[in-house]
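Dear colleague,

Please find below the structure that I am handing over to you, together with its sequence. My findings follow directly after it.

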Amino acid sequence: ISALAQLGDPDVVARSRKLWAAALAPAGKAGWPALPGSLRGPVIGAVARNATAEESQALWAALRGANSEEDRWLYVRALSGDPTPARAKRLLEAATAGWLPPNVATEVPGIVAGEPVHAAQAYEFARANWAHLAKLAGSGVFGPRGWLLPGAADGLHERAAASRLREDQRR
C-alpha cells in the first residue's frame with residue numbers, strides 16, 4: 001500500500017480513502033469496523049500523501065487529539081509524506097510550537113527530511129531553530145549535536161550538503 005501510494009497509484013489511493021474514517025477512528029469507537037493495525041498506518045499514509053485540504057485538516061485534528069505515543073508518531077509520519085511544501089512547513093513549525101512532546105518535536109525535522117522533496121526545507125528549519133530544538137532534546141551523551149542536524153540532513157544526497165552539515169555541527 002505504502003509503495004503504491006508513493007507512486008500515486010489511483011486504485012490504492014481510492015481504496016485507502018474508503019478506509020480513511022475507520023483508520024482515523026479511535027480504537028473501539030462505535031460505528032466503525034476495526035481496521036487491522038497492519039493496515040492502519042499504510043492507509044493513513046496513502047491518503048496523507050495525496051490529501052485534500054479537508055483530509056489534511058482531519059489528520060491534523062487527529063494529531064492534536066492523539067492520546068497515545070504510537071498515534072502521534074503515526075500521524076507525524078503520515079503528515080510528513082505530503083509533498084506540499086506549505087504543509088511540510090506547518091509540520092516543521094509544530095515542532096517548535098510547544099504542543100508536541102519534546103521527544104516527538106525534536107524528531108520532526110528528521111522525519112520531514114526523509115521525504116527528499118522536503119529535505120532542504122527540513123535542514124534549514126533545523127539550523128534556524130537549533131537553539132530551541134537542542135533545548136528540547138536535552139544534553140549529555142545523547143544530546144542533539146550527534147543526531148539533530150544529521151537527522152534533518154538525511155534526505156540531502158549531495159556533496160555540498162555533507163560539507164555544510166560538517167560546518168554546522170562544528171558551531
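Helix α2 passes helix α3 in a left-handed crossing. Please bear in mind throughout that this is a predicted model. The axes of α2 and α3 come within 8 Å and cross at roughly 120°. Angles from 65 to 115 degrees count as roughly perpendicular and those over 145 as roughly antiparallel; the two helices are therefore oblique to each other.

Which residues of α2 and α3 meet? From α2 come V13, S16, R17, L19, W20, A23 and L24, and from α3 come R40, V43, I44, A46 and V47. Sorted by class, this contact between α2 and α3 holds nine nonpolar, one polar and two charged residues.

One of the residues in that contact, I44, also belongs to the largest nonpolar core of the protein. This core has 35 residues, and I44, L59, Y75 and V108 are those with the most contacts inside it. Two or more residues each are given to the core by α2 (10-24), α3 (37-49), α4 (53-65), α5 (69-80), α6 (85-94), α7 (102-105), α8 (108-113) and α9 (119-128). The most comes from α5, which gives six residues. As general background, nonpolar side chains tend to be buried together in soluble globular proteins.

Y75 deserves a separate look. Leaving aside residues up to four places away in sequence, Y75 touches L24, R40, I44, L59, A62, L63 and A66. Among these partners, L24 of α2 and both R40 and I44 of α3 also take part in the meeting of those two helices.

Is W73 buried or exposed? The relative accessible area of W73 is 18%, and buried means under 20%, so W73 is buried. Again leaving aside residues up to four places away in sequence, W73 touches N103, V104, E107 and I111. W73 and L63 lie 10 residues apart in sequence, and their C-alpha atoms are 8.7 Å apart in space.

Finally, I turn to the protein as a whole. It has 12 helices and zero strands, so that reading along the sequence gives the pattern α-α-α-α-α-α-α-α-α-α-α-α. Of the 171 residues in the protein, 41% are buried. Of the contacts between residues at least 6 apart in sequence, 65% join residues at least 24 apart.

Yours sincerely,
A colleague

Definitions and conventions. Residues numbered from 1 in each chain as written. Predicted model: local features only at pLDDT ≥ 70, side-chain atom pairs only at ≥ 80, totals over all residues. Heavy atoms only, no water. Core = buried A, V, L, I, M, F, W, Y, C linked by side-chain atoms within 4.5 Å. Buried < 20%, exposed > 50% of the residue type's maximum accessible area, 1.4 Å probe, protein only. Helix = DSSP H or I, 4+ residues; strand = E, 2+ residues; numbered from the N terminus. Contact = heavy atoms within 4.5 Å. Axes fitted to C-alpha atoms, helices over the stretch in contact; angles between N-to-C directions. Parallel < 35°, antiparallel > 145°, perpendicular 65-115°, else oblique. Left-handed = near helix turned anticlockwise from the far one by under 90°. Nonpolar A, V, L, I, M, F, W, Y, C, P; charged D, E, K, R; others polar.
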